[in-house]
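Reader: Hey, I've got a protein model open and I'm a bit lost. Can you walk me through it?

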Amino acid sequence: MPLQFLASVYFDGLPPWFPDPMRLLRAMTTLTAVVLTKWYASGRVNLSERNMHGRVVLMTGGTSGIGAATALELARRGAQLVLLTRQPPSDPFLVEYVDDLRARSGNRMIYAEQVDLADLYSVRQFATRWIDNAPPRRLDMVVLCASTLVPPGGERVETAEGVELTWMVNFLANFHLLGILSPAIRAQPFDREVRIIVPTCSSYIASPKLDEEAVVTGGRDDLEDWVPGRAYARSKLAMMVFAKAYQKHLDAYKRPDELPMNARVVLVDPGLARTVSMRRWLTRGSLWGLLLYLVFYFFAWLFLKSPHMAAQSVLYAAMDGSLGRGAGGRLIKECMEVDCARKDVDDEEVAKKLWESSDRLIERVEKEQAVKRARAKKEQEKKEQEAKEAAQVQEIEALVGAIKKGKSKEASKKNTKKAEFTGNTQPELFNPSHCHPVFFTAKLRRPPFNVLSGAQLSPVAYGYVYQDAPGGSKKSAGPRL
Ligand SMILES: NC(=O)c1ccc[n+]([C@@H]2O[C@H](COP(=O)([O-])OP(=O)(O)OC[C@H]3O[C@@H](n4cnc5c(N)ncnc54)[C@H](OP(=O)(O)O)[C@@H]3O)[C@@H](O)[C@H]2O)c1
């Protein structure tokens, strides 16, 4: 058949249905260009493997995008995942997500713990719970994939604690979390290779400098000309500077066994990917933007990585053997080590300023929040006390009302008799203030007399506890109230 076709082409030329060769060539060239562009834009695939069975991995941002793809791959390799999520573990969507992740990875050891990275108190609560555990918990890896960004043109947002949101989620929460977890990380036995993986973004190259005032106030100096892109880039630069400083902090620790530090920080630039943040950024968070995104989706597909491909460098950082040896604080991009594009990432003076000012900011915010919480607690207690008292008053009034009803019935009977005798038919008014309310409640709360004679009502139903009769005879040994 092919031979016949080739012979006919040779002798009679191309059949009429065959497309124009030039057009075919152009189509083939275009297709090849698309395939090559897609292949190039998708980046490199991680080829490193490591047995993850039994390794405990703490992970932020594991519910979406690059973090979700990383979580799936680590779970497939047997890691025990603790996802630090904004929602509580009882959230139905989260329950479904964790179940799905367990089913897809065939790994049951996936859990969720609530840590809202927009809330320093939430971070502290989780981290202190973790380090308070005795004996110290196993911890092999911390993957910090969570991040947030405000789309271009968006308004500056502050957290309930008054810190700028991008700065808080992308940097300060991680600073706080790693700061508190530091003893747990340093206490890991020497044979355990600990890694702290910090995804970053090449936008850090264009970030403004980390001047102290901006940091201490959580970016409040920016109030006038705050720009989302600049805030995101600055938070990423701060995270890189801190990551390098954190490695030095770990290295400076003298282990009781005198062995070298076994925990290493690895920075990762995953590349641009089609994730929720990226979509929000491209669409500017608007419906028109979303429509345009859908219309031109082909270009997003062509030039941006899938979350799975973006996760390859993170997986490389988690599993490549070479990163467990030598110095920490290396930057990984496309599954290989690259240099940082800014000198101030390694600047100790910048790192010191950042560390100290972040510490001060956290201390100030936590103090303010502690005072607020104490006040709110007091208010709550006061409200509860008032409600309790109001309920008591209501109860007393009800009882008084009941007695008044009974008495007035009796009185009306008497009055009728008296009136009948004296000829005065006006009833006497009952005054409840004559009766002590406690007396009434105590009396009326006492169980009916027939309880002791073993009749229908249980005294337990009244909140009383049985007691043996003091010095009671054996005959009357029945329990007494
Ligand atoms: N996508 C890119 O093109 C790109 C490029 C360079 C670098 N990166 C970096 O790669 C990492 C992952 O990015 P991504 O695009 O995959 O992110 P993403 O899909 O937008 O996911 C963000 C994650 O962060 C979590 N998160 C946000 N705010 C939180 C909060 N207050 N408390 C707790 N969790 C919170 C989200 O949880 P919910 O599910 O509850 O929202 C979600 O799991 C980030 O560090 C990012 O900077 C991404």
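Reader: Let's start with E6: how many of the residues of E6 are buried?
Author: Seven of the seven residues of E6 are buried, so the strand is largely enclosed by the rest of the structure. Buried means that 20 or more other C-beta atoms lie within 10 Å of a residue's own, exposed means 12 or fewer, and partly exposed is in between, with C-beta atoms placed from the backbone. Before we go on, this is a predicted model: local features need pLDDT of at least 70 and side-chain atom pairs count only at pLDDT 80 or more, while totals for chains, interfaces and linings use all residues. Residues are numbered from 1 along each chain as its sequence is written.

Reader: Ok! Which residues of E6 sit on which side?
Author: Ala-263, Val-265, Leu-267 and Asp-269 are on one side, and Arg-264, Val-266 and Val-268 are on the other. Both faces are covered.

Reader: And what does E6 pair with?
Author: E5 runs parallel to E6 and is joined to it by six bridges. E6 also pairs with strand E7 (residues 330–333) in the parallel sense, over four bridges. Two strands pair here if DSSP finds at least two bridges between them.

Reader: What holds paired strands together, in general?
Author: Strands of a sheet pair through backbone hydrogen bonds, either parallel or antiparallel.

Reader: What's the order of the strands in the sheet?
Author: The sheet is open, has eight strands with mixed pairing, and goes E3-E2-E1-E4-E5-E6-E7-E8. Strand E3 (110–114) and strand E8 (336–338) are the edge strands, each pairing on one side only. Direction ignored, neighbouring strands are turned by 25 degrees against each other on average. The protein has 14 helices and eight strands; these are DSSP runs numbered from the N terminus, with at least four residues (H or I) for a helix and at least two (E) for a strand.

Reader: Which helix packs on the sheet by E6?
Author: Helix H8 (residues 228–251) does, touching E5 and strand E6 (263–269), and its direction makes about 165 degrees with that of E6. Those directions come from lines fitted to C-alpha atoms, for helices over the stretch in contact, and angles run from 0 to 180 degrees between N-to-C directions.

Reader: Switching topic: which residues have the most contacts inside the largest nonpolar core?
Author: Met-59, Leu-81, Ile-197, Val-241 and Phe-242 do, in a core of 99 residues. A nonpolar core is a set of buried Ala, Val, Leu, Ile, Met, Phe, Trp, Tyr and Cys residues joined through C-beta atoms within 7 Å. Leaving out residues up to four places away in sequence, Met-59 touches several others, including Leu-81, Val-143 and Cys-145. A contact means that two C-beta atoms, placed from the backbone, lie within 7 Å. Ile-197 stands opposite Val-143 in the sheet.

Reader: Last one: where is Glu-258?
Author: Glu-258 lies in the loop between H8 and E6. Its phi is positive, about 65 degrees, although Glu-258 is not a glycine. Glu-258 counts as exposed, with 7 C-beta neighbours inside 10 Å.

Reader: And what about Glu-334?
Author: Glu-334 is in the loop between E7 and E8, and it also has a positive phi, near 50 degrees. With 15 C-beta neighbours inside 10 Å, Glu-334 counts as partly exposed.
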